[in-house]
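Please look over the sequence and the structure first.

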Amino acid sequence: MGKIKTSIGGQALIEGIMMRGPKKTCMAVRDTNKEIILEESETKGSNRPKILKLPFIRGIFNMVDSLSCGYKALMRSAEISGLDAEEEEKKKKRGKRWYDKLVDSLLMPLATVIAVALCLVLFIWLPMQLWKWLGLLVPSIADNYFLRACFEGVLRIIVFVLYVWATSLMKDIRRTYMYHGAEHKTIFCYEAGLPLTVENVRKQGRFHPRCGTSFMILVLIVSIIVAMFIRIDTIWLRMIVKLCTLPIIVGIGYELIKLAGRSDNIVTRIISAPGMALQHLTVFEPEDEMIECAIKAMEAVIPDDGSDQIK
């Protein structure tokens, strides 16, 4: 088989990998005995109405599907790998307390609410507020919408990069980022038309233009351009408008990442450059056992009819 471009994508999990093909999705996770456990399912979204698969519309629906599927796979990988069992063991050792069940039932919804609130504060309210304070110090720039969009956008990118860098210093997260490397290398090996072996995968590059990290940074960059057209000064009203423009931003970002994954030229290299640079913080060289997981997941989702190949 010669070189191809594939639509198959993946996600690093806790001690494993999930791969999503056009027809099947498979997660390969090592359990507490270091055995690879495979779980397959039908890829959601494949039977979506045609109108929802149109350019600039499909992006938001694909993102929702990916987040939903990715979250479930992440939680399931925690069960298989024994992470949840470790937490239960800790609770047994210290003794079951009357409020443990209440805490367990409220923990995830509470964590989600806190995460959303933190994102709104860091990525929307804080940049706007800092620009407002800067405008008070330098009144001449207060009404410059171009500068405002650039200031707020660059600040969001800085916050995002600092967050990614901080997580890469955590031992468990860094291991997940190593699985991320195994995912990219395996996809590259398949696209190169080589047999999926540990040796062949190991030789591949670890930075892929169709990475979720690249998508996130593209969305932040596109948001700067869209923000230039928002001529509203009231902070709370601008927050609402920015949230309303999110589907547009995601749709544009998705089409750009698809273009970067489909073609290799000067334009797509420029588009990919910010994300490829950031992948130095989210994609690390994997161990052989991680590559083995990625290969198992990849082999399970490759369709027999070549429907994953991008023309």
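## Helices and sheet

Helix H9 passes helix H10 in a left-handed crossing. This comes from a predicted model. H9 covers residues 246–262 and H10 covers residues 266–278; their axes come within 9 Å and cross at roughly 120°. That angle makes H9 oblique to H10. On the H9 side, the contact is made by Leu256, Leu259 and Ala260. H10 brings Thr268, Ile271 and Ser272. Sorted by class, the contact of H9 with H10 has four nonpolar residues, two polar ones and no charged ones.

A second pair of helices is H4 and H7. H4 spans residues 145–168 and H7 spans residues 212–227. Their axes come within 8 Å and cross at roughly 165°. H4 is therefore roughly antiparallel to H7. The crossing of H4 past H7 is right-handed. H4 makes this contact through Ala149, Cys150, Gly153, Val154, Arg156, Ile157 and Phe160. H7 answers with Met216, Ile217, Leu220, Ile221, Ile224 and Ala227. The residues of the contact of H4 with H7 divide into 11 nonpolar, one polar and one charged.

### The sheet

Now to the strands. Four of them form an open sheet in the order E1-E2-E3-E4, and the pairing is antiparallel. Which strands stand at the edges? E1 (9–13) and E4 do, each with a single partner strand, so one side of each is left without a neighbour in the sheet. From one strand to the next, the twist averages 15°. Helix H1, residues 58–81, packs on the sheet. H1 touches E1, E2, E3 and E4, and its direction makes about 30° with that of E3.

Strands of a sheet pair through backbone hydrogen bonds, either parallel or antiparallel. The table sets out the pairs here.

| Strand pair | Sense | Bridges |
|---|---|---|
| E1 and E2 | antiparallel | five bridges |
| E2 and E3 | antiparallel | five bridges |
| E3 and E4 | antiparallel | seven bridges |

Take the pairs in turn. In E2, Ile17 is the bridge partner of Ala12. The hairpin of E1 and E2 has two residues between the strands, and Glu15 takes a positive phi near 60° there.

E2 covers residues 16–20. A hairpin of three residues joins E2 to E3. Across this pair, Ile17 stands opposite Ala28 in E3.

E4 covers residues 36–42. Arg30 stands opposite Ile36 in E4. The hairpin of E3 and E4 has five residues between the strands. In that hairpin, Lys34 takes a positive phi near 70°.

Is strand E3 largely enclosed or left open by the rest of the structure? E3 runs over residues 24–30, and six of its seven residues are buried, so E3 is largely enclosed.

H5, residues 171–191, lies across E1 and E2. H5 runs at about 160° to E1.

His180 lies in H5. Is His180 buried or exposed? His180 has a relative accessible area of 11%, so it counts as buried, the cut-off being under 20%.

What does His180 touch, leaving aside its neighbours within four places in sequence? His180 is in contact with Ala12, Cys211, Thr213, Thr282 and Val283. His180 and Gly10 are 170 residues apart along the chain, yet their C-alpha atoms are separated by 8.4 Å.

### In brief

The sheet has the order E1-E2-E3-E4 and is open. H1 packs on the sheet, and H5 lies across E1 and E2. H4 is roughly antiparallel to H7, whereas H9 is oblique to H10.

Notes
Residues numbered from 1 in each chain as written. Predicted model: local features only at pLDDT ≥ 70, side-chain atom pairs only at ≥ 80, totals over all residues. Heavy atoms only, no water. Axes fitted to C-alpha atoms, helices over the stretch in contact; angles between N-to-C directions. Helix = DSSP H or I, 4+ residues; strand = E, 2+ residues; numbered from the N terminus. Parallel < 35°, antiparallel > 145°, perpendicular 65-115°, else oblique. Left-handed = near helix turned anticlockwise from the far one by under 90°. Contact = heavy atoms within 4.5 Å. Nonpolar A, V, L, I, M, F, W, Y, C, P; charged D, E, K, R; others polar. Buried < 20%, exposed > 50% of the residue type's maximum accessible area, 1.4 Å probe, protein only. Pairing = 2+ DSSP bridges.
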